[in-house]
Amino acid sequence: MNRLVRVVVLCLALLAGVNIFAQETNRTISGTITNSETGQPLSGASVSVKGSRAGTSTNEAGVFQLQVDATAKKLLVSYAGFDPQETDIGTRVQFDFQLKSSSRQLEDVIVTGYSTQNKRFIAGSIVSVNADELRNIPAASVNQLLQGKAAGVQVTANSGVPGGGITFRVRGNNSINAAVDPLYIVDGVIISNQELFQTGLGSQKQSNPIADLNPADIQNIQILKDANATAIYGSLGANGVVIITTRRGKLNSDGKISLNVSHGWSDAPKKFELVSGPENGLLINEARINTAIDQGIDPATIVLPYNPDTLKTYDRIKDLFRVANTSNYELSAQGGSEKSTYYASVGFLRQEGIVRPSNFERFSARLNYDNYVNSRVKVGTSLNLSRTYRNVSVNDNSPTGVINSAIFPRSFLPIFNADGTYARYGSFDNHIALINNLDNNAVGWRMIGNAFAEISILKELKFRTSYSIDYNSLYENNYANTLISAGIASNGSAASNETKNTVFVADQVLTYIKTFNRKHSVNALVGNSINNVLLQNTNATGTGFPTNSIKAISAAANKAGSSSQEKTRLVSFFGKASYTYDNKYTLDASLRADASSRFGVDNRWGYFPSGGITWRASQEKFVQDLGFFDDLKFRASAGLSGTQTGIGAYAPLGLWASGANYLDLPGTAPTQLANPSLGWETTRQYDLGAEFTILKNRLSFTVDYYNKYTYDLLLQVPVPSRSGFTELTQNYGAIRNKGVELTVHSTNINTEDFRWTTDFNISWNKNKIERLPSDITLGASGRNISIMRQGYAINSFQLYRQLYVDPQTGNAVYEDVNKDGIITSADRQIVGNANPRYTGGLTNTLSYKSFDLNFFFYFSQGNKIMNMQNFFLVHGGTQSNIGFLPIQLERWQKPGDVTDIPRLTTFAGSPTVNGGASNNYGGNVASLSSRYLEDASFIRLRNISLGYNVPAAVSRTLHLSSLRAYVQVSNLFTISDYSGLDPEVSSQGGNQNTAGYDWATVPQPRTFLVGLNLSF
C-alpha cells in the first residue's frame, strides 16, 4: 500500500512539473490578415495551428491573437475565396498575411440574391458552375453550356438551327399558361424572356433570351433551385434563378490581353432517307390494289398508275444539307490600378446551319468598370451591347417549309420542269426555290447594362443603389416573291415588324454583415425594387409588287399596318437574414412582398416567405472522432415563390375593342371579361439536402430531395356561354413536381504531372397535374395529340394504343378501352409523356504535363417523342402526292407476315377491335396510332476536347504570357433506339405544353473545331 502511495505522489509531482513547464513555454502570437489586392482587412479569416485544435479568427480589423505552446510548428491561415497560406511559427510572435484571390476557391462564395454568402452556411439548394468547367464546350449561348452540368436542370436545344430556341427547366414544368423559364440575372440585371419574333414558320420557339451574351465573358454561374434560395426574388423566382457573373479586372494587376480564335465544321450525323422512285411507285400501286379489294372491286379491273421500272429517283435530301462553317473571334483586355479595375471585350460569331439557308451572326462588346472613389465608396458599371442577325428560314415545320418541301414530294417527281422552271406539287413548294428565294431576316440590337454605387456606412453596414436596363429590339423583314407559293397568288408579299422590349429596374439594398465574439455571425439585408416593362410593336404588310427585285413595302399596291403597346409594373420590398453560431448552425429567413399591375385590384399584393436551417455536422467533435468525413453538412428549407408572367398585361381588366362596325358607323364591343380577383400563381417547395466529402476531400457528394407544389394556376377557365364569352382568366388548378438529385465529384489521381477528376450528376423528377377544371387538348397539326388531364403529367400523349398487326389480315388491332366492341374516340388513352424519368451528365477531365483532355456525356431516359415524319410519311397510301419513308417497305404483304406496319390501303371504315378490314390507315384511328410514339431515351458524347499548353519558355520567346491550342468534337455519337434523326428535338417548342414532337426538325449538328488561345 505504501509503495502504491509513493507511486501516485511521484506521478502527481511529474504532472505538476509538466504543467508548470507548459505554462512557462506557452506564448501569445498575433498578426493581421489583409487582401493582397486591395489592402483591405479580412474579417472572419480562420487561423489555426496545424495538427492541433488551437485556432481563432480575425476581428473586423483583420487582427488575430492566438495562444500557442512549444509543440506548435505550423500556422495555417484561410479565408473563403482566397488561397490559404502556411508558415513556420518558430520563435516569432508577430505575423502579417496578405492573401491572394483564388479562382479555385471563389466557388466558396455564392451569390444568393442581392448578396453573397459562404457556401458552407447556405441552407438553399444552389449549384455553382465555374467558367473553367465550360470552356471545353462549343456553344453559341450560355444556357446551352449548362446541359448536363447541374443536377435538377434540364436543358434541351429545340433544334439544330443556330441561334434557335432552348428549353430550360429547373426541377420540372411548374405551369400550364404562365411562364416556365427561369429568371436570368446578368451582373444584377434582370433579363427579359419576352419572345419578340413575329414571323410564323411553324411552332418552334425561335429565340433564346441570353443568346445575345458572349459565353467567353462569363466568370461563373449560380443556379438557385429551392424556395429558400429563390423566394427573395418573389414573383420572379418560381421557376428557378440563373445568376450569371461576368469577368472583371483585379486591383493592382498588370493589363492582360487575350485572344481566342476558332473555326469549326458541322454536318448532320444522320440525314433523312426516302424510298427510291421505283419503290415509291410500287407502294402506290399496292395501295391501289388493296383498296380495291377492301371496296369489293376486282383488282384485275383497275388500272395501276405507275410502271415502277420506268420511274427515276430524284434526290432532294442532298440539296438540303451542307457542311456548315462556324467562325469565332474573341478579344478581351483586363487589369486594374490601385483604385479601379476594368474588363473589356469584343467578339464576333458566324454560324451556318447544317440545313440551308439558315445562319446566325452575333457581334458583342462588353465593358465592366469599377472604381474605389475612396475607402467608403465604390462605383461601377456593366454594359453589354450586341447585334444579332438570323435567317429564320428553316426554323419551321409547316407544309411550305424547306425541309417538308424536300421530304414530302414523291421521289420520282422531277425537281425542275422541262423548261427549267421550279416544279411544284400540290401544297408543297419546290425546296430549291425556297432555299434560293426565301427572304426572312431578323436583325436584333440589345443593350444590357447597369450602374451602381456602394457606400460603406460602417465596416459592417453597406448600402448599394443600382439602376439597370435590358433593351431588346428586333427588326424583321420578310419578302415572298412570285417564285414561291407565299408570293404567287398576291404577286409578291412583304411584311415588316419592329418589336421593342425595355425592362428598367431600380434596386436599393442595405446589407449588414458582422461577426460577434468569434461565434456569432449575422448576414442581413433589406431592400426595395421597382421593375417597369414596356413592350412595343409596329408592323406593316404589303402585296402586289411590280417586280421581285423591289421589296420595299412602300412600292406595294396594297398596304396595311398596325401598332401596339403594353406596360407593366412590379413594385417589391424584401428582407433576408442569416444567423450562424460557432460555424456549425445557421438559420435563414426571407420575405418578399410584390405588387403587380398584371393582377386585379383585389389581389395585387403577393407575399413570399422562406426559411432554412443548416447544420455543419463535421464541426461536431463526435463526427470528427469518426475520422471519416472531411466535411458533412445537412440542410432543410421551405418557402413560397410566385409567377406573374405568361398572362396578358391587362388580364384582369374588362377589355373592349374597335372594329364592331355597323353599316358605315364605327363601333366597339367587349372582348374580355373583367376579373378583379385575379391573383398570384404560387409555388410551395420543400427541400432536404446533405453534402459531404471523404477521403481527404477527394470524393464529395451532394444529395437533394424536393417537393414542389404549384397552386392557383393562371388558367383560361370555361364560363357559361350566356355571359357572351367562352372563357375567363382565373386562378384554378395545381401541379406537383418532386424528385431526387445526386451530384458526385471525385479526384481520381492527383500527382505532380498527372491529374484526373470526374464529375457526375443525375436527377429524377416526377410531374403530375393535381387539379384541373377539365381536359386541355392541343398538339401538332390540330390533331389534339397532346393532353393535360388531372392525375397525369404535363406533355402527355393521347393516342389509340396499337396492340399488333393481324398476321392474317394485315390490319392493325387497337385496344378497346371501354370494351364496347368498337374503336371510337373514347378509346384514346394516355400512352406516355415527353418528360424524362431522369437526366444527367458525366464529365472526365485529365491533364498530363502540358496536355489536357476532357470528355462529357449527357443522357436522358424515359421520355417519349412523337415521330411526325412517320406520322405523315408512313401513311399507307392515304396521302396524295406524299412519298414514303423506307420503313414503309416493312409493311404487311401476305398472310403470315409478322410486322407492326399494317397493309397499304386508303379504304376508311368504322374501326373495330378484331383486326378487320376497317382497322387500317383509312380512318382517324390509324393516323393517331401509338406506333408513331417512340422512346426518345439517349446517351450522347456531347463533347470531347484535347488541348496543349505551350511551355512558358516557348511562349516568352513569342512575347506571350500563355499559348494554348485545342481541338474539339461535339455530338460525336448518340446511342438511342429512336428511328428519327435526333431524339433531342422539340419542333413544337413554342408551346411549353407540347414538348416531344419531331416534325421536319433540324438535328443537332456534329462539329469538329480547332482553336487557339493566347494572351500577352
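This note goes through a predicted model point by point, from its sheets to its cores, single residues and aromatic rings.

1. **A sheet of three strands.** Three strands make up an open sheet, arranged in the order S4-S1-S7, and their pairing is mixed. The edges are taken by strand S4 (63-68) and strand S7 (94-99). Each of these two has a single partner strand, so one of its sides has no neighbour in the sheet. On average, neighbouring strands here are turned by 25° against each other, with direction ignored.

2. **The pairing of S1 with S4.** Strand S1 covers residues 27-35 and pairs with S4 in the antiparallel sense, over six bridges.

3. **A sheet of five strands.** Another open sheet, with the order S10-S15-S16-S13-S14, is formed by five strands and also has mixed pairing. Which strands stand at its edges? They are strand S10 (126-130) and strand S14 (189-191); each has a single partner strand, so one side of each is left without a neighbour in the sheet. From one strand to the next, the twist averages 20°.

4. **Strand S15 and its two partners.** Strand S15 (residues 218-224) pairs with S16 in the antiparallel sense over six bridges. In this pairing, asparagine 220 is found opposite threonine 245 of S16. S15 also pairs with S10, again in the antiparallel sense, over five bridges. There, serine 128 has glutamine 222 in S15 as its bridge partner. Although S10 is an edge strand, it is mostly covered, since four of its five residues are buried.

5. **The largest nonpolar core.** The largest nonpolar core of the model contains 47 residues, and Leu320 and Met866 have the most contacts inside it. Several elements give two or more residues to this core, among them helix H4 (317-320), helix H5 (402-407), helix H6 (431-437) and helix H9 (868-873). Leaving aside neighbours within four places in sequence, leucine 320 is in contact with Phe272, Ile354, Val355, Arg356, Val402, Ile403 and Ala406.

6. **A second core.** A separate core of 29 residues is also present. Its members include Leu146, Val155, Val170 and Ile191.

7. **Serine 235.** This residue is located in the loop between helix H2 (227-230) and strand S16 (241-246). Is serine 235 buried or exposed? Its relative accessible area is 4%, and the limit for a buried residue is under 20%, so serine 235 counts as buried. Not counting residues up to four places away in sequence, serine 235 touches Leu570, Asp594, Phe608, Gly642, Thr643, Gln644 and Trp680.

8. **Leucine 383.** Leucine 383 belongs to strand S21 (residues 377-391). Its relative accessibility is 37%, so it counts as partly exposed. Leucine 383 and asparagine 450 are separated by 67 residues in sequence, but their C-alpha atoms are 6.5 Å apart in space. With neighbours within four places in sequence left aside, the contacts of leucine 383 are Ala365, Arg366, Leu367, Asn368, Met447, Ile448 and Gly449.

9. **Aromatic pairs.** The model has 31 aromatic pairs. One of them joins phenylalanine 95 and phenylalanine 97 in a stacked arrangement, with 6.2 Å from centre to centre and 5° between the planes. Both of these phenylalanines are buried. Tryptophan 605 and tyrosine 607 form another stacked pair, at 6.4 Å centre to centre and with 15° between the planes. Tryptophan 605 is partly exposed at a relative accessible area of 39%. Tyrosine 607 has a relative accessible area of 52%; the limit for an exposed residue is over 50%, so tyrosine 607 counts as exposed.

10. **An aromatic cluster and two charges over rings.** Phe408, Phe428, Phe871, Phe872, Tyr932 and Trp999 together form one aromatic cluster. Elsewhere in the description, two arginines deserve mention. Arginine 464 lies over the face of phenylalanine 452, 4.1 Å from the ring centre. The ring of tyrosine 732 has the charged end of arginine 771 over it, at 4.0 Å from its centre.

Definitions and conventions
Residues are numbered from 1 along each chain as its sequence is written. This is a predicted model: local features need pLDDT of at least 70, side-chain atom pairs count only at pLDDT 80 or more; totals for chains, interfaces and linings use all residues. Side-chain values use heavy atoms; hydrogens and water are left out. Rings of Phe, Tyr and Trp (its six-membered ring) pair if their centres lie within 6.5 Å; planes under 30 degrees apart count as stacked, over 60 as edge-to-face and the rest as tilted. Buried means under 20% relative accessible area, exposed over 50%, partly exposed in between (1.4 Å probe, protein chains only). A charge sits over a ring if NZ of Lys or CZ of Arg is within 6 Å of the ring centre and within 35 degrees of the ring normal. Contact means heavy atoms within 4.5 Å. A nonpolar core is a set of buried Ala, Val, Leu, Ile, Met, Phe, Trp, Tyr and Cys residues joined through side-chain atoms within 4.5 Å. Two strands pair if DSSP finds at least two bridges between them. Axes are lines fitted to C-alpha atoms, for helices over the stretch in contact, and angles run from 0 to 180 degrees between N-to-C directions.
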